[in-house]
Amino acid sequence: MSIGNSPDGNSPEDERPFEDDHEPEQLSIGHALRQARIDAGLTVDDISNATRVRVAIVHAIEQDDFAPCGGDVYARGHIRTLARAVDLDPAPLLARYDAERGGRPTPTPAAPLFEAERIRPERRGPNWTAAMVAAIVAVIGFVGFTVAQGSDSGDDTKNQVAEGATPTTSKPAAKPTGTKPTDPKPDPSDSAIAAAPQDKVTVQVSAVDGRSWISAKDHNGRMLFDGLLKQGDSKTFQDSSKINLILGDAGAIQLYVNGKKIENDFQPGAVERLTYTKGDPEVG
C-alpha cells in the first residue's frame, strides 16, 4: 500500500523519503529542504508558522518552483530562511541556486516585498502642492494688506501736517532683553534616541539602503506598527520591557537600540526576527 504525500503538509510521518540512491548533496534544492524537514519531524504548516513563509510558497520551493517567490533576491531569502528552520547550512543551497541561474543576482530595488509577509497599502502623504499654493496666496494677501495700511498711514500724516497739527512721535522700541532665544525642539525620533530612558526599551528603525516591510510589537504582543518603510523613513518604538521586530529586508535597515547603533551585518533580502529589552543592545 503506497502512502501519498499530505496535500497540506500536516503529517510528516506520512511523507515517505525520496527513494533514490543519490547522496544528500546531489538532491535538488527543493528536495534537500523537504528531506531535511521530514527528517526533523516537521510539517509544512510547522515551517510556515515558524518562518512566516506562506504554505503555498513552501510547497512550491520544495518542488523546485521558485516563480511564486517574486524574483531571485527573494527566492534566495526564502531558501536561507527555510534552510535555517530545518538546521541546514544555506550556503551550499544558495551556491547551487546561483550556479543554476548564471550567478548571484543584483538587488532589485523596485521588486515587490516577500510573499511571506502581508503587504499593506501605503498611506497617502499630504498634498504638498496644494499646501504650497495656499501658503503663496496667504503671503500675497498679507503683503497687499500691509502695503494698503502703509498708504493709509502716509495720507493721514500728510493731512495732519497740512492742517498745522503736530504729528505724534512714536515711542522708541523697547530694547531687547538678554534672554536667549529658546532652542528649537529636537525631532521626536532623535530625542527618543539621545535621551533613551533606562527604565524602558527604545528602538529606532531606519530604512537607509532601500525600503523594507517591518512589524513591531510590544511585550504584550500588541501591534505597534505593521507596514512599509520607504528609503529615508524611520520609526521609533518604546515599551516598558520588550520590543519584538520582524524585518522584511534586513539589509536595508539600520537599528538604534537604547541610544546605541546595532552593527549587525544583515544581508539584503533576509528576513530577520529580533527582540530587544532594556539591557540591550543584544539580538534576542
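Trainee: Before we get to the sheet, when do two strands count as paired here?
Mentor: Two strands pair if DSSP finds at least two bridges between them. Keep in mind that this is a predicted model.

Trainee: Fine. What is the strand order in the open sheet of four strands?
Mentor: The order is E3-E2-E5-E8. The pairing is antiparallel.

Trainee: Which strands stand at the edges?
Mentor: Strand E3 (223–229) and strand E8 (272–277) do. Each has a single partner strand, so one side of each is left without a neighbour in the sheet.

Trainee: And how are neighbouring strands turned against each other on average?
Mentor: By 15 degrees, with direction ignored.

Trainee: Let's walk across it. How many bridges join E2 to E3?
Mentor: Six, with strand E2 covering residues 212–217. One partner to look up is Met-223 in E3, which is bridged to Lys-217.

Trainee: What do E2 and E3 form?
Mentor: A hairpin, with five residues between the two strands. Look at Gly-221 in the turn: its phi is positive, at about 85 degrees.

Trainee: Next pair. How many bridges join E2 to E5?
Mentor: Four, and the two strands run antiparallel. Lys-217 turns up again here, with Asn-244 as its bridge partner in E5.

Trainee: Then E5 to E8, how many bridges?
Mentor: Six, again antiparallel, with E5 spanning residues 242–247. Ile-243 has Tyr-276 as its partner in E8. Leu-247 has Glu-272.

Trainee: What do strands of a sheet pair through, in general?
Mentor: Backbone hydrogen bonds, in either a parallel or an antiparallel arrangement.

Trainee: Stepping back. How many helices and strands are in the protein chain?
Mentor: Seven helices and eight strands. The chain has 284 residues, and 34% of them count as buried.

Trainee: What share of the contacts with a separation of 6 or more comes from residues 24 or more positions apart?
Mentor: They account for 60% of those contacts in the protein chain.

Trainee: Which residues line it?
Mentor: Leu-33, Arg-37, Ile-47, Val-58, Glu-62, Leu-82 and Val-86. Helix H1 (29–39) and helix H3 (55–62) are the elements that give two or more residues to the lining.

Trainee: How does the lining split by class?
Mentor: Five residues are nonpolar and two are charged. There are no polar ones.

Trainee: Glu-62 is on that list. Where does Glu-62 lie, and is it buried or exposed?
Mentor: Glu-62 lies in helix H3. Its relative accessibility is 7%, so Glu-62 counts as buried. The cut-off for buried is under 20%.

Trainee: What is Glu-62 in contact with, leaving aside neighbours within four places in sequence?
Mentor: Gly-30, His-31, Leu-33, Arg-34, Arg-37 and Val-44.

Trainee: Why does Asp-64 count as partly exposed?
Mentor: Because its relative accessibility is 29%. Partly exposed falls between the buried limit of under 20% and the exposed limit of over 50%.

Trainee: And Asp-87, where is that found?
Mentor: In the loop between H4 and helix H5 (90–100). Phi of Asp-87 is near 60 degrees too, again positive in a residue other than glycine.

Trainee: Buried or exposed? I mean Asp-87.
Mentor: Exposed, because its relative accessibility is 73%.

Trainee: Last one, Ser-206. Which strand does it lie in?
Mentor: Strand E1, residues 201–207. Ser-206 has 13% relative accessibility, so it counts as buried.

Trainee: What is Ser-206 in contact with, leaving aside its neighbours within four places in sequence?
Mentor: Leu-229, Asp-233, Ser-234, Ala-252, Ile-253 and Gln-254. Strand E3 covers 223–229, so Leu-229 takes you back to an edge of the sheet.

Note on methods
Residues numbered from 1 in each chain as written. Predicted model: local features only at pLDDT ≥ 70, side-chain atom pairs only at ≥ 80, totals over all residues. Heavy atoms only, no water. 1 Å grid on protein atoms, 1.4 Å probe; cavity = no way out; pocket = protein on both sides within 12 Å on 5 of 7 lines; lining within 4 Å. Nonpolar A, V, L, I, M, F, W, Y, C, P; charged D, E, K, R; others polar. Axes fitted to C-alpha atoms, helices over the stretch in contact; angles between N-to-C directions. Buried < 20%, exposed > 50% of the residue type's maximum accessible area, 1.4 Å probe, protein only. Contact = heavy atoms within 4.5 Å.
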